[in-house]
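Please look at the sequence and the structure side by side, and keep both in view while you read.

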Amino acid sequence: MPSRRILFFALACVVLAVALVGATLIVQSRRADADLGTTVVTTGEAQVGGPFQLVDQTGQAVDESVLDGRWSLVFFGFTHCPDYCPTTLQMLDATQRELGAEGEDMQIVFISIDPERDTPEALADYLQTSSFPEGVIGLTGTPEQVDQAADAYRAFYEKVGEGDAYLMNHSLAIYLMGPDGRFRTTLSSELGPERSAELIRRAMSRG
């Protein structure tokens, strides 16, 4: 017959094993609940775009209705931008040509995030660059108006440096907006003209 000490030890081991199994099940249950609690639910509609009040390169007051009735490519930049902005405008010029007839009614909207320097006159001079698309709509305004437009498009920007040679960091997205003024998809200059044209055609086919 086993001694009482051995029986007591065996019983203690059984109790400990049961406790460990129970604790494991509780932890796993809590993890599952946590996973369910962090599930991301999307509505399928991106909240990009909205009301803004700006002026174009002719000094004419413009609001979000400038997008109505035409497919539009909207992006944020500034005239003193050393690389991304001119490269993007050149890429969009090539994209319009790649689209052919489908690109003839498409407009490009360049919104400045540097209202301190980008007056309507400065925008007009900048957008006349021969390698840029014809008919680009340049928009600027007060700092408050630019903030409103950037917030509507979830666009980031910040001033970097001091003096006249400061630069502006900014987000690089190009927003494709439908004729109803609503967001369709996001493009990037890195896609190149052919891929960008393909994505635009897909969006146009869906309406």
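Helices (H or I, at least four residues) and strands (E, at least two residues) are runs assigned by DSSP, and they are numbered from the N terminus. By this rule T87 has its place in helix α2. The model is a predicted one, in which local features need pLDDT of at least 70 and side-chain atom pairs count only at pLDDT 80 or more, while totals for chains, interfaces and linings use all residues. Residues are numbered from 1 along each chain as its sequence is written, and side-chain values use heavy atoms, with hydrogens and water left out.

The protein chain has 5 helices and 9 strands, and from the N terminus on its elements follow the order α-β-β-β-α-β-α-β-α-β-β-β-β-α. Of its 207 residues, 37% count as buried, where buried means under 20% relative accessible area, exposed means over 50%, and partly exposed lies in between, with a 1.4 Å probe and protein chains only. If contact is taken to mean heavy atoms within 4.5 Å, then among the contacts between residues at least 6 apart in sequence, 70% join residues at least 24 apart.

In soluble globular proteins, nonpolar side chains tend to be buried together. A nonpolar core is here a set of buried Ala, Val, Leu, Ile, Met, Phe, Trp, Tyr and Cys residues joined through side-chain atoms within 4.5 Å. The largest such core has 49 residues, of which L73, F76, L89 and Y153 touch the most other members. Elements that each supply at least two residues of this core include β3 (72–77), β4 (107–112), α4 (143–152) and β8 (174–177), but α2 gives the most, with 6 residues. Leaving aside neighbours within four places in sequence, L73 is in contact with L92, M106, Q107, I108, V109, I174, Y175, L176, L187 and I200.

Helix α2 (residues 84–99) also packs with helix α5 (residues 192–206), at an angle of about 60 degrees and with the axes 8 Å apart. This makes α2 oblique to α5, because angles under 35 degrees count as roughly parallel, over 145 as roughly antiparallel, 65 to 115 as roughly perpendicular, and the rest as oblique. Where do the two helices α2 and α5 meet? On the α2 side the residues are M91, A94, T95, E98 and L99, and on the α5 side they are G192, P193, E194, S196, A197, I200 and R201. By class, this contact has 6 nonpolar, 3 polar and 3 charged residues, where Ala, Val, Leu, Ile, Met, Phe, Trp, Tyr, Cys and Pro count as nonpolar, Asp, Glu, Lys and Arg as charged, and the others, Gly among them, as polar.

E102, in the loop between α2 and β4, is in contact with R201 and M204 when neighbours within four places in sequence are left aside.

Is R117 buried or exposed? R117, in the loop between β4 and α3, has a relative accessible area of 16%, so it is buried. Not counting residues up to four places away in sequence, R117 touches F78, H80, A122, D164, A165 and Y166. R154, in the loop between α4 and β6, counts as exposed because its relative accessibility is 56%, and R154 has a positive phi of about 55 degrees although it is not a glycine.

Note on methods
Axes fitted to C-alpha atoms, helices over the stretch in contact; angles between N-to-C directions.
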